[in-house]
Every structure is written in structure tokens, then in C-alpha cells.
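This report covers one protein model.

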Amino acid sequence: MQLSSVDQQQLQAQLSVLCARLGHAVLPVSLALFSGGKLTQYELERVQAAPTLYQQAHALLTTCLSKGECACRAFYSALDSEDQNLAHDIRSSLPAGLPEGLPDLSVESESDEQSFPIAVEETSTAAAEAHTQSGVLQEVLSLLGAVSGEARLNVCELGVVLGLPRWSVRGALLEEVGVGDGDQLQALVDLFLQKTQDAPLLLSRVRQCNVQRAQLSERGCLLLKLLQEADALLHRRHFLQAGSQDGVEQHRETLETIFSFLLWDCVAQTLEVPAYESGRSVLAYVAELRGSEAVDDALLQELEECWRDGGAEALRQAVRVLAQILRDLHPLRDSLHLSAPGGGTYTCHSRRLHRVTRFQGLPARVIRKAGGGNALSLSTATSEQDAPSLARPYPELCLRVARMLELVCPAAGDVTGPRDSAEVTTVAQRLKVTLSQAAFDAEVFDAGMKHRVLALLEYGPARLAKPPLMQLHLHTLSALEPYLQQGEHHSFRFVLECVQMLGGTQLSYAERTRGPVAIDNGMEEVYYFVTSEPASFLVRVCCHGYARECRFEVRKPQCVRLTQHDWANLEGAQGHEEHVVLAEEGGSVWVRERVVGWLDNLQANAHRGDSPLHDQGCSFKVTSHGSECKVKFIYKNGRISASAFTNCEVL
């Protein structure tokens, strides 16, 4: 078939006749376009999901029209390759009014026009709408600096930033949407426009939003890159055409290895003390993750159901679900997960688990010397796809990790082979012996870091020869060096337990922006809050850490909540300089001690008067001057204090 520079015009002119006549050719043609990169996974699945052949053809053709001349040309080429007879029939007559030089493809006959008068109008309208949405999507991609095939954004979080409910965005993204940012953003744009029909509003909000809130950490991006390898296996042609169970079984071992490694990493990211057991199943990891409040239980339940099903489509859905779990666990910023508010109270937990240990760290120069040599290059290690090339840097990688860990505690017992041997079995033995010592127990050394080092041994290139896996192992090495260095991060951490909003305002975001920092014989951290409007709210905080090898946890000065009626009866017996009233709302009063011993006196008086006191931990009142503010929390001399950092007042 002779191609033309105006294939898009031709396709627009022949839209309805092609919808009517494409028939069973729509699937192989769409598969050819997907294989050639002209359709995304999401677009392909949307074509396949249409209930009739006519609607499948309509979805395919309007998508090609929205993508422009190149996609339309690719459609005609795919049609010619798939069904030459149909292509010949269509080009047998050229309608009047089409530009000279078009391929000889005929518009519908008069009888066709009479058969589909409504469809012609609907498809033209739909094509125009698709073209508009495509333009909006391209501008959104440009504004965010997103690349379609990559996975560097938590698009669900972005949807929340843009004002949509989290449940609504998550539901759309898990509905047969690809893992890449392009597919996810297309689904988000479709959802936003479906709800608002307001493209300028969407673009305005994208321009104004803080995209870093939705960006992923480097490790998160690498984990998703490895998951995309599994996704690619499940979207090979034999899967798409028949959902072949034989095809699933052929790649089942590779899929299971990828899933088990990713879940191993999720365990390291979320559990205080991950369990180490070689050869565990995917479902065993899912069961272990149910003990973490950082992972949505509904996602784990769906992941378990999909894995138990084991069919091609169920496994593709498992990829989507695991992708969302990984995105939620790996934000670029040290943000807090906020629960749905109950009575204005948001419970909080950090999306990153910060383990507190007795480890004090080592001088940076000592660690660098142990690392030795030039840095192992990610690009060099992963530029070739064959297994030998991927395996080449692996022994040296393990050897460097072993040397660095032996700075903490040298390997005890008999280790066969020379100390500087890069032979894999020798290095693996060294690592196992080293990590088995008491110096690497959970209260002394970060259990998540230890778990990721063990993954080097459990998931070597001999077991899974995939470039992203080696990139992840190299990332573990690059993260180990700063972890081993001396610093406050080992033995101290503030924990925000909950935020009580006052006056009906909403808390939309919170993150740790600085710290911990040791200064003036104390420890400091700074937190950033975003609210729906200028607001007053109570922040409940504690801190824990190690001092002189002993663990401590502090929630002082203490705060209690009681009814306004009970407070009116008790207030007269309290010294005014010994307490501070933080807030009064909804018939309740929050009161914090100023003087040690005041709370004991209040409790005694409350007990005599049968007035219940509700423990509120260590709480501070923040009054912001705008929708954003920062608060500094300070631990010193066994007590916590807080002060305004930017744009607020703190009581």
C-alpha cells in the first residue's frame, strides 16, 4: 500500500466505514501497533476492553487520530500486513473531495452511511475529544518533565495533590492501566476531565503543584524498572492473544523471582525486624507485610488473590497492584502517611521506616578506604543484556560490601580462601559469617540495611539476569557507605503520632524536611505542614533513641484532654503558672503541664471528682498564617519543646 503524507485526513474521512468493516482484524492490528510502539499498554487494553468489535475498532482508530500522522500511517501499514483483501477493498474507490495523492481508500458507500448515521457523528465527536485530551496529556507530561515509558512518579499521590480523592484515583489506576508514568498520567487526565470537563483547571493545578510530593526515590524508580521486566513478560504476544497458560508457566519462575525480590525489599523497607528465610514464596512475603501499617491491607489482599489465581490477566493485575505498593513506599521526600481523619484527628506514620539503633558510625575516610578503587558504574554494569556481562561486576560488588561491613565487626571463625578473593562463594561465605555476629543484631545495626545486603546473596545474577536487579544491588552498595558514617541518624528520631485539626480545617500533607541535627546539647528536627487554609492544629509528638547504650522514649511535657465542664470544676485548684490551656473545641479542653508534678496533682483531683482524663501524650498547638508552615521540634534535658520555624506560631 502506497503511504501518503495525509494519512490522518484519510483515516478521519473513513472512520465509520473502518469501524464497521475492520471486524476481527482489530486485535492483530492493534497488537502490531503496540509492538511497534504506537500504542501504549493502557491504550491497547482499552481497545481490548470494548464490548463489541465495532467499539474496539472505534477505540483503536480514535486513538490513532489523537496521536497524529505517524500513528495513522502505522495503522494503514498494519492493516495492509494483516488483511490485504480488506485493504484492497477499501482502496478500490477514492471518494470525491479527498486530496490528490491519498492512498486509494474508499469512504463508506451510501448504504453504509444510512446504516451508521449516528455512529459517524459520534465517532467524529469522540475523535475530536480524544484529540483534545491527547493535547492536554502532552502538556501535562511536559509540565511534569515525565517520560512516558519510565516510572518515576506516584501518580496516585499527584491526583491527591490536584484535588481528587485518593480512593477515586487509585481505583482508576488499578483498572487495567500500565505501570509507566505515561499510561498512569493518561488515566489521571481522563479521570480529572471526566469529573470536571475543565482542562484549563487541570493545567493550572499542574503548573502550581509541588511535583516533588509525587516524585519517587532513586530506589523506588529502580524497583519499578525491575517490575516492568515482569510486565513485559506478561505482555508478550502469546499472552495478549490467548492469555496462554502455557506461556505463563514458561516464564513463571522468572516472574516469581522478580516478585519475591521486590517483596523482600518491601519487607526491608517497612518492618522493624524483617525475617530472613531463604527461598520463601511470594505469598509468604505478602503474609509478613500484613504486619506493617505502611502497606495498605486492601492492596495486599488483592495482590494475594491475583497471585493465587495465577492466570495471565490476574498476574498483570498483580503487577499493577505491586507497582502501587512500591510507589507508596518510596517517596522522594520524607513524607508522612496520613490516615483518613476521625473527628478531625489524623494518625501519622513515616513512609520511610527510620530504625533507631546503638550503632554510632565510622569515620567517612575509613569507609572510603575500605570501599577501595573506582566506583562501580551502573551504566557499565548494565549496558549489555547478556548474563555474563551482568554477572561480571557482581563478585567485586560483594567483596566491597564485605570489606565495609568488616569495619563494623571482622568476620569470626574459619573463612576459606584468601581475604581479598573475589570468588563468589568465598565472598558469600564472608558476608554470611560477618552478618551472623551480634554486632549486626537489630538493636545495634539497621535491620533493613542488613536485609538488603542479604538480598545480594539470595538474588545474584545467576538466579535472575536482569539489568535493573544489578542496578539495585549497586544502589545497596551506594547506600551502605553513607549509612555507615557517623551521624545523629543512627540513634535518635522524632515521631509524629497524630495531628488534631481545629475549626474544621483539613491537613493535606506533612513531611520531615530537616534532621535530626545535634546542636546546643540537644536534637532538632523540622516538619512541614500543608493545610486546606490558615489553620490551628495540635501536633502530638514523641522521640526515642539511645543514650550511653540505653534506649529511651520521651513524651514530656504531658498533655491531657477533658471536658469543659470537668475543667471548670478543676481549674480553680490548679496553679496558673503550672499549666497551659492549648485549645478548647467541641466541649473538650486540651491542657499541657508546665511544671513537673502538676499532672499528678490534676489526676488526684480528677479522681476525687470522678472526672476522666484522656492522655494526649506530648502535644503542641500550631497556628499557621497561611496554608503552609514549618515547625521545629527540640529534645533537650529529657523534655520536648517546639518553636515556629516559618509562617506560624507555636504554643
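## A helix pair, α14 and α20

In this predicted model, helices α14 and α20 are roughly antiparallel to each other, because an angle over 145 degrees counts as such and theirs is about 170°. Helix α14 covers residues 218–234 and helix α20 covers residues 312–329, and their axes lie 10 Å apart.

On the α14 side, the contact is made by L223, L224, L227, D231 and L234. On the α20 side, the contributing residues are A312, L315, R316, V319, L322, A323, L326 and R327. By class, the residues of this contact are 10 nonpolar and 3 charged, with no polar residue.

Helix α12 runs over residues 181–196, a stretch of 16 residues. From first C-alpha to last, α12 reaches 22 Å, close to the 22 Å expected at 1.5 Å a residue. Of the 16 residues in α12, 13 are buried, so this helix is largely enclosed by the rest of the structure. The residue that follows α12 is Q197, which has a positive phi near 50°.

Helix α4 (residues 41–49) packs against α12: the two axes come within 8 Å and cross at roughly 55°. Residues Q41, Y42, E43 and R46 of α4 meet D183, Q186, A187 and D190 of α12. The residues of this contact divide into 4 charged, 2 polar and 2 nonpolar.

## The chain as a whole

The protein chain has 651 residues, and 53% of them count as buried. Its secondary structure comes to 29 helices and 15 strands.

Contacts between residues at least 6 apart in sequence give a view of the fold of the chain. Of these contacts, 72% join residues at least 24 apart.

## Cysteines

How many disulfides does a search of the whole structure find? The search finds 0. C70 is accordingly in no disulfide, and the nearest cysteine sulfur, that of C72, is 9.2 Å away; a disulfide would need the two sulfur atoms within 2.5 Å.

Two cysteines can be described by their accessibility. C70 counts as partly exposed, at 42% relative accessibility. C409 has a relative accessible area of 17% and is therefore buried, the cut-off being under 20%.

## Cis peptide bonds and positive phi

Most peptide bonds are trans, and most residues other than glycine have a negative phi. The cases below depart from one or the other of these patterns.

The peptide bond from G515 to P516 is cis, with omega near 5°. P516 sits in strand β4, residues 507–519. Another cis bond joins K556 and P557, with omega about 5°. P557 lies in the loop between β7 (550–554) and β8 (559–563).

N521 is not a glycine, yet its phi is positive at about 60°. N521 belongs to the loop between β4 and β5 (522–531), and it counts as exposed at 79% relative accessibility. N637, also a residue other than glycine, has a positive phi near 55°. The loop between β13 (628–636) and β14 (639–646) holds N637, which counts as exposed at 71% relative accessibility.

Conventions: Residues are numbered from 1 along each chain as its sequence is written. This is a predicted model: local features need pLDDT of at least 70, side-chain atom pairs count only at pLDDT 80 or more; totals for chains, interfaces and linings use all residues. Side-chain values use heavy atoms; hydrogens and water are left out. Axes are lines fitted to C-alpha atoms, for helices over the stretch in contact, and angles run from 0 to 180 degrees between N-to-C directions. Helices (H or I, at least four residues) and strands (E, at least two) are DSSP runs, numbered from the N terminus. Angles under 35 degrees count as roughly parallel, over 145 as roughly antiparallel, 65 to 115 as roughly perpendicular and the rest as oblique. Contact means heavy atoms within 4.5 Å. Ala, Val, Leu, Ile, Met, Phe, Trp, Tyr, Cys and Pro count as nonpolar, Asp, Glu, Lys and Arg as charged, and the others, Gly among them, as polar. Buried means under 20% relative accessible area, exposed over 50%, partly exposed in between (1.4 Å probe, protein chains only). The expected span of a helix is 1.5 Å times one less than its number of residues.
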